[in-house]
Amino acid sequence: MEDRMQKAVIDADFFIKLTENASDKGELFCHIMKDLKVHPIMHRYVAEVELKKNKELKELVDQGIIDIIDYEEYIDRKDDKEYQEYFKWAYEKMNRFDLPENVDIYTYHDIDENLGEIRSIYLARQLNCMYFMSDDSGARSFAKNAFSSKKKLETMSIYEALKQCCLLKTDITLKKINPVLHAVFRERQQMLRELQEMYAAKN
């Protein structure tokens, strides 16, 4: 149980922003995971549909750094009433329109319908993961409030992850993260300045 509790489900936008905005082939992402003492896992839909062209993901999966999780590892398709109900409810809650009729919720795909987040959040809950890591504020808000207090899911944004790493005395330098900070927080200048100041003071 202790090992399972240290897993973190990684959302597409979280991974993209920490890898495609850096030139280190996923090294910064791995460093953050190590500092936070979490093992990253990812839903197969996110990996094979939303991130199918991401070279860094393939390399980290091949190295065994990120585990890709199939439905069969946390859902019994012969007894999936709970998941069927969750998916419909979550889809309509996050998208604010009805789920199309007669869709296969295991294979259904459309762009901009939060399908990776919906699937990832349920995965995180079922496997008792420590975090759902996403830079989508709407998805994090949904994840925090979707379940009862007994199964409450903790979330973490890139800002929160970088701040926590700094507080943990990481050896990540400002020079290393500066390109990522400017790309990710371009429209969130207060967060950008705060993180720059924290990492400059640490160094």
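Predicted model: local features only at pLDDT ≥ 70, side-chain atom pairs only at ≥ 80, totals over all residues.
Local features need pLDDT of at least 70, side-chain atom pairs count only at pLDDT 80 or more, and totals for chains, interfaces and linings use all residues. Residues are numbered from 1 along each chain as its sequence is written, and side-chain values use heavy atoms, with hydrogens and water left out.

View 1. Five strands, in the order S3-S2-S1-S4-S5, form an open sheet with parallel pairing. Strands (E, at least two residues) and helices (H or I, at least four) are DSSP runs, numbered from the N terminus. Two strands pair if DSSP finds at least two bridges between them. S3 (67–69) and S5 (155–156) stand at the edges with a single partner strand each, so one side of each has no neighbour in the sheet. S1 (residues 7–10) pairs with S2 (residues 39–43) over 3 bridges, in the parallel sense. Lys 7 has His 39 of S2 as its bridge partner. Helix H7 (residues 115–126) packs on the sheet and touches S1, S2, S3 and S4 (131–133). The direction of H7 makes about 130° with that of S2. Axes are lines fitted to C-alpha atoms, for helices over the stretch in contact, and angles run from 0 to 180 degrees between N-to-C directions.

View 2. Of the 8 residues of H2 (residues 12–19), 6 are buried, so the helix is largely enclosed by the rest of the structure. Buried means under 20% relative accessible area (1.4 Å probe, protein chains only). The buried residues are Ala 12, Asp 13, Phe 14, Phe 15, Leu 18 and Thr 19.

**View 3. Helix H9 against helix H11.** The axes of H9 (residues 158–167) and H11 (residues 189–202) come within 10 Å and cross at roughly 20°. The two helices are therefore roughly parallel (angles under 35 degrees). On the H9 side, Tyr 159, Leu 162 and Cys 166 are among the residues in contact; H11 contributes residues including Met 191, Leu 195 and Met 198. Contact means heavy atoms within 4.5 Å. The contact residues divide into 9 nonpolar, no polar and 3 charged.

**View 4. Helix H3 against helix H9.** The axes of H3 (residues 27–36) and H9 come within 10 Å and cross at roughly 60°. Ile 32, Asp 35 and Leu 36 of H3 meet Ala 161, Leu 162, Gln 164 and Cys 165 of H9.

**View 5. Asn 95 and its contacts.** Asn 95 lies in helix H6 (residues 81–95). Its relative accessibility is 11%, so Asn 95 counts as buried. Beyond neighbours within four places in sequence, Asn 95 contacts Asp 112, Glu 113, Asn 114 and Ile 118.

Methods:
Buried < 20%, exposed > 50% of the residue type's maximum accessible area, 1.4 Å probe, protein only. Parallel < 35°, antiparallel > 145°, perpendicular 65-115°, else oblique. Nonpolar A, V, L, I, M, F, W, Y, C, P; charged D, E, K, R; others polar.
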